[in-house]
Amino acid sequence: MKRNEFDCIVVGAGHAGIEAAHAAARIGAHTCLLTISKATIGKMSCNPAIGGLAKGQIAREVDALGGLMGLATDATGIQFRMLNRSKGPAVQSPRAQADKYKYQDYMRARLEETPNLTIVEAMASEVLAEGMHVRGVRCADGATLSAVAVILTTGTFLRGVMHVGTEQFPGGRLGEPAANELSASLERLGLELQRLKTGTPVRLDATTVDLDRLESQQGDPDPVPFSFLNDRIDRPQVPCWITYTNEPIHQLIRDNLGRAPLYTGQIKSIGPRYCPSIETKILRFADKDRHQVFLEPEDEARTTIYCNGISTSLPKDVQEQMLRLMPGTEHARIVHYAYAIEYDFCPPVQLLPSLEARKVAGLFLAGQINGTSGYEEAAGQGIVAGVNAARKLQDREPLVLGRDQAYIGVMIDDLLTRGIDEPYRMFTSRAEHRLALRSDNADRRLTPLGISVGLVQPDRQERFQNKLDAIERLKAHLKSTRQEGVTLWDLLRRPHGEAHNALGTTLDGQGREILEAISVDAKYEGYLAKQERLAALQHGLDSKRIPANLDYEGIEHLRAEAKEKLIAFKPTTLGHASRLSGITPADITVLQVYLKKRSCQP
C-alpha cells in the first residue's frame with residue numbers, strides 16, 4: 001500500500017478520534033489518524049476528568065469493548081471517587097480527575113504502538129467523494145490521502161468562533177485554528193450543518209490560590225479502577241477544593257450582562273442546559289445567593305487549577321473582578337481566560353445506527369460533530385464508528401448496540417430519534433434499562449461483543465473468562481447450599497448486613513469484582529427478569545426492518561404528522577420508528593400492517 005493510501009482515515013485526535021482510530025486499526029483496517037499536531041492527541045480542553053453520573057458507565061463500556069479510555073484514566077488519574085455510593089448500584093458511577101498532560105502522553109504512546117495505525121500531522125480541508133462514495137481526504141497543504149472509509153471526529157473545530165466579551169476570533173480550541181474549509185466540503189456533499197455553543201472557565205496558577213482557607217474534597221481511600229484489566233489503583237491522589245460565589249459576584253455579573261456575548265446577541269447558538277455559564281445560572285436561579293465552585297487540579301504537580309462551575313464568556317476584566325470577590329481566589333493569577341465557542345455540527349438524524357452518513361457511503365461521524373458534549377459521549381461514539389468502519393471494509397454487518405445493552409446504545413438511539421436542540425449529555429434517567437446497565441457489569445454486557453468484532457485482546461479475553469467462571473461457580477454453590485432451609489443465594493438477597501451475617505465465611509477469599517457481581521445479581525434478580533421481558537418485546541420491533549425507499553405518503557390511514565416525521569428521520573426498523581417523538585402506537589400498528597400486507601418484512 002502506498003504512503004498516502006489507507007483503508008480508513010480518522011480526522012481529529014480527541015476522545016472520539018482516539019477510540020475510532022484504535023478500534024479500526026485493531027480490527028485490521030490500515031488506518032490513518034489525521035491531526036493538526038501529535039502534541040494535542042487526547043487533549044483535555046475542558047475539565048481534565050473522566051466519568052461522572054452516567055458518563056462513568058460509558059467510560060466503563062468503552063473499556064469493556066476493548067477501548068483505551070479506562071486504561072488511560074487508571075494510569076494517569078490523580079483522584080478517584082465512586083459517586084452515589086449511598087444509592088443503588090444502578091446509579092453509582094466512577095469519576096476521576098486526570099493529569100491532563102500524562103493523559104495525553106499515555107494516549108499518544110498507545111496509538112503510536114498500535115499495529116496498522118499511522119499518525120499524520122495535517123489539517124483536513126475536504127472530504128473527497130465520487131458518486132456519493134468516500135474516496136479520501138484533501139489536506140490544507142494540498143496533500144491527498146485516499147481511503148474508502150472516513151471518520152470525522154472534529155470536535156468544536158468546524159467553523160469555530162471563540163468569544164471573550166466583545167472579542168471574537170476563529171479557533172477550534174484555545175491556540176488552535178478553526179476548520180472552515182471542511183464545513184463547506186460537507187455542505188457540498190449534501191449534509192446539513194447547524195450551530196451549537198459551549199464554553200470553559202478560567203484556569204488559575206495553583207500557587208496563587210489560598211487553598212488552605214477552603215474545604216477540601218478527598219478521593220476514595222480505596223479507589224476503584226475504571227478498566228477491567230486493573231485490580232487496584234496505586235497512584236497517589238490529590239484533593240480538590242470547594243469555594244462559592246456570593247452576592248457581590250452575582251451583582252457584578254448582572255451589572256455586566258450588557259457585555260456578555262450570550263445576552264447581547266453576539267452568540268446566537270444554543271449552549272448546554274445542564275452545564276450553563278455562570279451568567280446563565282445567575283439569571284435562571286435568581287433566588288440563590290451562592291453557587292458551588294470546585295477547584296480541581298489539572299495535573300499531579302498541582303500546577304494549574306480548573307474552576308468548575310464558573311464557565312463564562314464575560315470580558316477579561318469582569319473575570320478578574322469575579323475572582324477578587326471569591327473566597328480563596330482573591331489573589332489568584334489567571335493562566336488563561338474563560339471563553340465560549342460556537343461551532344458547526346451535523347444533526348445526527350442524517351446518520352444510520354452505525355454512525356455512517358445516509359447520503360455518503362463510507363463517511364462516519366462521531367463526537368461533538370453529532371451534537372454531543374463530553375469526553376465519554378465522544379469516546380463511546382468513536383469506538384462504535386471505528387468498529388463499523390472496519391466492518392464495512394470487511395463487508396460485515398455493523399455493530400449496533402441496543403438501548404438494553406449499553407448507555408452507548410441509548411445515546412446513539414437518542415441522537416437518531418430525538419434530534420438535537422442543545423448539546424446532548426448522558427444521564428442515568430435517559431436509560432429505561434438502567435438497572436441492567438450498571439457500571440459494575442459493563443464487562444459482562446459488552447466484552448463478548450468486543451471479542452466477536454475482534455477488538456478485545458487475548459489477555460482481556462482470558463481474564464474475562466476467568467471472572468465469568470468464578471461467578472458461575474460461586475453462584476451455583478450459593479443456590480445449591482441451604483442453611484436452615486433457605487439457600488445461601490436467597491440469604492444474599494436480604495439486606496446487606498443481615499445477609500453477610502448469615503453467610504458467615506462463605507464469601508471470604510473472593511475478589512471484590514466477584515463479590516460485587518454476585519451481590520448485585522442476587523438483589524436485582526427479580527427486577528432484571530422484568531426488564532429482560534420488556535427488552536424482548538422491544539427486540540421484536542427492532543428486528544422488523546423498514547425498506548429505505550418506503551413511500552410513506554402512499555400509506556393510507558397514516559397521520560400527516562407521522563408521515564412528516566418518518567420522512568425526515570427515515571427509521572431503519574419499526575423499533576427505531578416507535579421511539580421517534582410524535583409517533584404513536586397507532587402509527588406503528590398502521591405501519592406494521594402495511595409492511596406485512598406487502599411482505600416487506602424479512
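How do the residues lining the second largest pocket divide into nonpolar, polar and charged? They divide into 15 nonpolar, 11 polar and 14 charged residues, where Ala, Val, Leu, Ile, Met, Phe, Trp, Tyr, Cys and Pro count as nonpolar, Asp, Glu, Lys and Arg as charged, and the others, Gly among them, as polar. The model is predicted, and local features need pLDDT of at least 70 and side-chain atom pairs pLDDT 80 or more, whereas totals for chains, interfaces and linings use all residues. Residues are numbered from 1 along each chain as its sequence is written, and side-chain values use heavy atoms, with hydrogens and water left out.

A pocket is here an open set of points on a 1 Å grid over the protein atoms alone, where a 1.4 Å probe fits, with protein on both sides within 12 Å along at least five of seven lines; lining residues have an atom within 4 Å of a point. The second largest pocket holds about 1000 Å³ of space, a volume being the space filled by probe spheres set on the points, which are joined across faces, edges and corners. Its lining comprises 40 residues, and V224, D440, R512, E513 and E516 lie nearest the centre. Elements that give two or more residues to this lining include helix 2 (55–65), helix 12 (442–452) and helix 16 (512–542). Helix 16 gives the most, with 10 residues. Helices (H or I, at least four residues) and strands (E, at least two) are DSSP runs, numbered from the N terminus.

Strand 10 (residues 149–152) is covered on both faces, with A149 and I151 buried on one side and V150 and L152 on the other. Buried means under 20% relative accessible area, exposed over 50%, and partly exposed in between (1.4 Å probe, protein chains only). Strand 10 runs parallel to strand 1 (residues 8–11), to which four bridges join it; L152 is the bridge partner of V11. Three bridges join strand 10 to strand 21 (residues 363–365), also in parallel, and I151 pairs there with F364. Strands pair if DSSP finds at least two bridges between them.

L393, in helix 10 (residues 375–393), is partly exposed, at 33% relative accessible area. Its C-alpha atom is separated by 7.7 Å from that of A149, 244 residues apart along the chain. Leaving aside residues up to four places away in sequence, L393 touches D7, C8, A29, V148 and A149, contact meaning heavy atoms within 4.5 Å.
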